[in-house]
Amino acid sequence: RVEKEEHKVSEVDSTALHSTVMKVCNAIKAKTDTYEALADCFTPEGYKQYNRLIKYGSARVISTDGCRYVKLGDEIQCRSIPMSFTFSKGKNQLENVVFTFNNAGKIDGVQFALEERAARNIMGNTDIDETARLTLVNFMENYKTAFSLQRWDYIESIFSDDAVIITGRVLRTAEQTQEFKNIQQTMDNQVVHGNVLYTRMSKEHYIKRLKNSFASKEWINIKFGGTTIDQSLQTNTFGVRLVQDYFSNNYGDHGYLFLLI
């Protein structure tokens, strides 16, 4: 397990926390997980996130045997509870789920865990401070979950107002003639290099395009593969490069993601 082998953190007294986790998991199994039944387990924001995640697909807890508790700042995380999510047409998705507790012992956040390879790449980079590594894993998990659950408030909050977002896609031969015609009209924000079309967007344009794109999707899932990290020598700024696989009920692609954090 990633946590056991890579997270060199002090042990956490998890007795009370584990009792809360078990109460939530048992409520999922019994389908009695209303806010009234679990109010003592969650903060209002935590339950809101949990409710969106559970409604993401028909959720089923696979096991609670591998729970591990790690400390990150003032918070403690329960990692990782394997769950399956079932959608229409028999689509099934497996995810490890992470519960984040605040210092009052209530669940304040729920997210999908980073894939094992990506987590190992980050946690195994001992040139970077351990707290920074854990923070990066936590950030990438929130990022991945926000796209799956379409948490526009979170997605908008993590991008700077003056952020520049650049997307690229490979053009097939049949597409290139029409794309070149289109680019003549919008040369200020699109460019073709080789057979790749790059589009430059503002934060506002990017969020608007995401909302329009996601409106027709029943479910969205992002998987991260190989990950590399570069750290600025002067600041706590990190360049994170990830292999990304994007899946939805009506579209999928394989590509690469770079984030400046």
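**Close-up 1. Trp152 and Phe214, two buried rings.** Both Trp152 and Phe214 are buried, meaning under 20% relative accessible area with a 1.4 Å probe and protein chains only. This is a predicted model, where local features need pLDDT of at least 70, side-chain atom pairs count only at pLDDT 80 or more, and totals for chains, interfaces and linings use all residues. Residues are numbered from 1 along each chain as its sequence is written, and side-chain values use heavy atoms, with hydrogens and water left out. Trp152 and Phe214 make a tilted aromatic pair, 5.4 Å centre to centre with 45° between the planes. Rings of Phe, Tyr and Trp (its six-membered ring) pair if their centres lie within 6.5 Å; planes under 30 degrees apart are stacked, over 60 edge-to-face, and the rest tilted. Trp152 sits in helix H7 (residues 152-158) and Phe214 in helix H9, so the pair ties together parts 62 residues apart in sequence. Helices here are DSSP runs (H or I) of at least four residues and strands (E) of at least two, numbered from the N terminus.

**Close-up 2. Phe159 against Tyr206.** Here's another buried couple: Phe159 and Tyr206 pair edge-to-face, at 5.6 Å centre to centre and 75° between the planes. Phe159 is in the loop between H7 and E6 and Tyr206 is in helix H9, so this pair links parts 47 residues apart in sequence.

**Close-up 3. The largest nonpolar core.** A nonpolar core is a set of buried Ala, Val, Leu, Ile, Met, Phe, Trp, Tyr and Cys residues joined through side-chain atoms within 4.5 Å. This one has 37 residues, and Tyr143, Phe147 and Tyr206 are among those touching the most other members. Skip the neighbours within four places in sequence, and Phe147 is in contact (heavy atoms within 4.5 Å) with Ile155, Tyr206, Leu210, Phe214, Ile220 and Ile222.

**Close-up 4. The largest pocket.** About 1,600 Å³ of space lies in here, taken as the space filled by probe spheres set on grid points joined across faces, edges and corners. On a 1 Å grid over the protein atoms alone, a pocket is an open set of points where a 1.4 Å probe fits, with protein on both sides within 12 Å along at least five of seven lines; lining residues have an atom within 4 Å of a point. Of the 40 lining residues, Ile166, Thr167, Gly168, Tyr206 and Tyr256 are closest to the centre. E11 gives the most, eight residues.

Key:
Buried means under 20% relative accessible area, exposed over 50%, partly exposed in between (1.4 Å probe, protein chains only).
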